[in-house]
Amino acid sequence: MASDGVITHRSVEVNGVRLHVAEAGPAGAPVVLLLHGFPELWYTWRHQMPALAAAGYRPVAPDMPGYGDSEAPSAGPDQYTALHIVGDLVALIDSLGQERVFVVGHDWGAIIAWSLCLFRPDRVKALVALSVPFIPRSPAVKPIDAVRALYGDDFYICSFQEPGAIEAEFKRLGTELVLRKFFADRTPGPLFIPKSGWGSPDDEVPLPSWITEEDLKYYTTQFDKSGFTGGFNYYRALNMTWELTSPWTGAEIMVPTKFTVGNLDLTYNIAGAKVFINKGGLKKFVPLLDDVVIMKDVGHFINEEKPEEISALIIGFIKKFN
């Protein structure tokens with residue numbers, strides 16, 4: 001493993017599942033575990049990894065279970081609860097010979113990172129969460145039921161629930177177009193994928209400036225190979241996670257944390273999110289919250305859209321805990 005930011009790849013066996021892991025930096029350096037979201041891969045961290053290595057850290061970015069070159073757990077959504085995925089990450093941390101690591105998560109990676117901090121704060125030195133704040137468990141209503149009540153059946157999280165249906169729709173559109181649609185979306189509001197179809201395979205969607213045709217080709221090749229079911233299964237397991245995590249209702253995140261989100265991010269513009277993030281709700285559940293950074297004119301894929309700023313933010317925060 002080179003310290004000059006060269007990214008190397010290997011496989012790690014965790015709990016019977018083979019994970020593909022990208023890493024950089026010197027072997028003995030403090031580990032920064034980088035967790036990607038949907039529809040992404042380890043590759044979402046391609047800018048942060050060399051920056052972290054240059055700053056004296058060892059960035060480790062897995063393809064999350066069910067994504068890219070990592071194996072998909074065999075039993076479907078049941079094996080994608082927060083408890084299962086956090087279990088795999090704890091095994092990964094063990095395999096790296098680490099007691100505690102820094103964690104950075106974006107989108108679903110942030111959701112899993114919050115869960116890791118909730119279940120095993122003893123394994124995390126500090127957390128940088130991007131795009132998705134901690135969402136306290138509501139004892140009254142399941143998460144899928146909550147978003148369905150808010151936005152209806154065509155809200156993307158609801159569209160992802162029925163196994164096979166959304167896979168067929170994405171196949172009809174083609175992987176590359178699907179990814180273009182996600183990466184290009186900057187609407188500061190809910191994302192809808194209608195049952196009637198998400199447009200035509202002939203739609204032309206220009207790429208945003210922060211992603212190249214070459215980047216898109218890598219993502220497309222990987223999702224063509226793996227399909228999207230692994231990613232959908234995280235959404236399909238949301239209600240099951242809710243059922244399994246009742247013991248943590250009202251629990252606080254006791255890990256030093258920095259949170260940042262773009263003001264155009266759909267997650268920041270979901271009902272109630274701005275008030276929760278900015279008016280003390282997040283701080284109540286995350287008492288060790290350092291501060292919240294709202295980035296102006298930035299969309300959902302914040303670490304790719306503002307790579308230098310996000311690298312600097314991560315390094316500036318975690319170096320306090322060296």
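**One loop and its surroundings**

Reply: The side chain of Arg46 makes a polar contact with the side chain of Glu304, at 2.7 Å. The model is predicted, so read this contact as a feature of a prediction. Arg46 sits in the loop between β3 and α1. Is Arg46 buried or exposed? Its relative accessibility is 10%, so Arg46 counts as buried, the cut-off being under 20%.

The peptide bond that joins Phe38 and Pro39 is cis, with omega at about -10°.

Now take the ring of Phe38. Across the whole structure, a search finds 39 aromatic pairs. One of them joins Phe38 and Phe232. The ring centres are 5.8 Å apart and the planes meet at 40°, so the pair is tilted. Where do the two partners lie? Phe38 is in the loop between β3 (31–35) and α1 (48–54), while Phe232 is in helix α9 (residues 229–236). The pair therefore ties together parts that are 194 residues apart in sequence. Both ends are covered. Phe38 counts as buried at 4% relative accessibility, and Phe232 is buried with a relative accessible area of 0%.

Phe170 and Phe228 are edge-to-face, 5.2 Å from centre to centre, with 85° between the planes. This pair, too, links distant parts of the chain. Phe170 is in helix α6 (residues 165–173), and Phe228 is in the loop between α8 (213–226) and α9, 58 residues away. Phe170 counts as buried at 2% relative accessibility. Phe228 counts as buried at 6%.

Arg137 lies over the face of Trp242, 4.4 Å from the ring centre. The charged end of Lys181 sits over the ring of Trp198, at 5.2 Å from its centre.

Which helices build the lining? At least two residues each come from α3 (108–119), α4 (143–151), α5 (156–159), α9, α10 (238–244) and α11 (273–278). Helix α3 gives the most, with seven residues.

Asp107 is in the loop between β5 (101–106) and α3. It is not a glycine, yet its phi is positive, at about 60°. Asp107 is buried, with a relative accessible area of 6%. Ser131 lies in the loop between β6 (124–130) and α4. Its phi is also positive, about 80°, although it is not a glycine. Ser131 is buried, with a relative accessible area of 0%.

Back to the starting point. The loop between β3 and α1 holds Arg46, whose side chain contacts that of Glu304. From Phe38, the tilted pair runs to Phe232.

Conventions
Residues numbered from 1 in each chain as written. Predicted model: local features only at pLDDT ≥ 70, side-chain atom pairs only at ≥ 80, totals over all residues. Heavy atoms only, no water. Phe/Tyr/Trp six-rings, centres within 6.5 Å; stacked < 30°, edge-to-face > 60°. Helix = DSSP H or I, 4+ residues; strand = E, 2+ residues; numbered from the N terminus. Buried < 20%, exposed > 50% of the residue type's maximum accessible area, 1.4 Å probe, protein only. Lys NZ or Arg CZ within 6 Å of the ring centre and 35° of its normal. Polar contact = N/O pair within 3.5 Å; in protein donor to acceptor, adjacent residues only side chain to side chain.
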